[in-house]
Amino acid sequence: MTKILDFTLLFLYCLFIYWLSDQPILPVPSLFSFQDKILHAGAYFIMAVLAWRSFNHLLNRPIVLALISVTFCSLYGISDEWHQSFVEGRFSDVADWIADTSGAGVAVFLLDRLRWQQVSA
């Protein structure tokens, strides 16, 4: 049951990101420069946690789990930027994809560290 829930949450989160990317304008006040990069990193941090939980049901090697989780998020980030290039009022940005992949990488790094701490305890 947990496996189905984890994959469902990941799927729904990906749909949410798609929906956000399909909006011509997002009503987010600009508080400081590079705010959008932090938002991208945070969104893909969450996606990486969901991907980690989902793929953990299928993979038993931690390094493979980490690589697959980050790769999934990075590829989704690329597809998201490509999708935005077709949405009026939006544009595609390599820096956004780097922020996406970085956020996913940080999440997976922290999840792996947490896993090692639990194994060591």
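Which residues touch the most other members in the largest nonpolar core? I looked this up in a predicted model, where local features need pLDDT of at least 70 and side-chain atom pairs count only at pLDDT 80 or more, while totals for chains, interfaces and linings use all residues. Residues are numbered from 1 along each chain as its sequence is written, and side-chain values use heavy atoms, with hydrogens and water left out.

**Core.** I found that, of its 21 residues, Leu10, Ile17, Tyr44, Met47 and Cys73 touch the most other members; such a core joins buried Ala, Val, Leu, Ile, Met, Phe, Trp, Tyr and Cys residues through side-chain atoms within 4.5 Å, buried being under 20% relative accessible area with a 1.4 Å probe, protein chains only. The largest share of this core, eight residues, comes from α2, the helices being DSSP runs (H or I, at least four residues) numbered from the N terminus.

**Cys73.** Leaving aside neighbours within four places in sequence, I noted that Cys73 is in contact (heavy atoms within 4.5 Å) with Tyr44, Met47, Ala48, Ala51 and Ala104.

**Helix α2.** The buried residues of α2, among them His40, Tyr44, Met47 and Trp52, pack against α1 (2-21), α3 (62-84) and α4 (94-120).

Notes:
Buried < 20%, exposed > 50% of the residue type's maximum accessible area, 1.4 Å probe, protein only. Helix = DSSP H or I, 4+ residues; strand = E, 2+ residues; numbered from the N terminus.
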